[in-house]
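Below is a short report on how two kinds of secondary structure pack together. View the model first, then read on.

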Amino acid sequence: MVSRNPSPRPAAPEPGALTPQFRRLAVLGVGLLGGSFALAAKRAALAREVVGYSKSPSTIQAAIKAGVIDHGADSALQAATGADLVVLAVPVAAIGPLLRQIRLGLSDSALLLDVGSTKADVADAALHALGEAARQFVPCHPIAGSERSGVQHAQVDLFDGRRVVVTPLEANPARFVDAATQVWEALGGVVSVMSPHEHDAAFAAVSHLPHLLAFAFVYAIARQPQGSSFLQLAGPGFRDFTRIAGSDPTMWRDVFQANSAEVLQQLQMFKQAVAGFEAQLRQGNWSVLESLIRQASQSRRDWASPSPADDAT
Ligand code: NAP
């Protein structure tokens, strides 16, 4: 992994810092991530105008009303035509189809980015959908967000001090990768570069499996006859452990589908660990159980959150 900066930066870039300039930013998918990108781009004066397209006309209207985008478009193609920066902030399974829709409107010099939580599938989808124009598409994943969805939760400072993983395609000329890096830095992000496969292996472990476990854990409690009365008694530990179980179902179905092999591998390792804990519990080996807990507790305390807040996806 190559980091542009050794450690995340806590705040937005200073006003007047070198910011790349675009005439027209097109945001496709004006939800939490897309809306936050648009707001941060406006703060950084990254583009002269921001046009948005989203599946639901009501989302576009809400984004205009909230000042997140300047104009709405009737289609992805209309939004992307004439744009020199295009950001796709839709669920990962929608990225390939959307790229196909905009391909004919793209200028040769336009920079295309996404914000999807998986990268190998997005890289493949871009190559298939765009052909030669895939050279302009730089896959990205900002490690920022929350369990909330929708433009109403967009935040101008969502990317401040947050890591943004950039996973260039072999087809990307260096100038497109550099431009993508400059865009994220202008939005307050801290860029790390790695391959799509390295990304997917790492995030299966530290993001995708935790979400799967959180969903399964809440499901297991809620389906018990006394589940709802147990839940009424739950406190801060339960809240911390399960916050991400409130995340968007469609988005996470897509992530598990796109990265199933890596998630299954992590799940196997998790099941082995649980089996080890269970065996000690069954056999009453309390000192061994304590030793396992001690190792986990130490690892958690040794872990320094790479971001100022630890509520990112
Ligand atoms: P979100 O708030 O639900 O926003 C997604 C937006 O895309 C919505 O406005 C949605 O529909 C629109 N959309 C869906 N399908 C579309 C299509 N085919 N064409 C046009 N617009 C479409 O979700 P999000 O949290 O911003 O996630 C967006 C992406 O960011 C996902 O790929 C996710 O993996 C990634 N990501 C999320 C997080 C996180 O914490 N949430 C973190 C990092 C990366 P409507 O127009 O109907 O509202």
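Angles under 35 degrees count as roughly parallel, over 145 as roughly antiparallel, 65 to 115 as roughly perpendicular, and the rest as oblique. Helices (H or I, at least four residues) and strands (E, at least two) are DSSP runs, numbered from the N terminus. The model is predicted: local features need pLDDT of at least 70, side-chain atom pairs count only at pLDDT 80 or more, and totals for chains, interfaces and linings use all residues. Residues are numbered from 1 along each chain as its sequence is written, and side-chain values use heavy atoms, without hydrogens or water.

**Helix pair**

Helix 4 and helix 5 pack at about 25°, with axes 9 Å apart. Axes are lines fitted to C-alpha atoms, for helices over the stretch in contact; angles run from 0 to 180 degrees between N-to-C directions. The two helices, helix 4 and helix 5, are therefore roughly parallel. Contact means heavy atoms within 4.5 Å.

| Helix | Contact residues |
|---|---|
| Helix 4 | Ile-95, Gly-96, Leu-99, Arg-100 |
| Helix 5 | Val-122, Ala-125, Ala-126, His-128, Ala-129, Leu-130 |

Six strands form an open sheet in the order 4-3-2-5-6-7, with parallel pairing. Two strands pair if DSSP finds at least two bridges between them. Strand 4 (71-72) and strand 7 (137-138) are at the edges, each with a single partner strand, so one side of each has no neighbour in the sheet. Strand 5 (residues 85-88) and strand 6 (residues 111-114) run parallel, joined by four bridges. Leu-85 has Leu-111 of strand 6 as its bridge partner. Helix 4 packs on the sheet and touches strand 2 (22-28), strand 5, strand 6 and strand 7. Its direction makes about 150° with that of strand 5.
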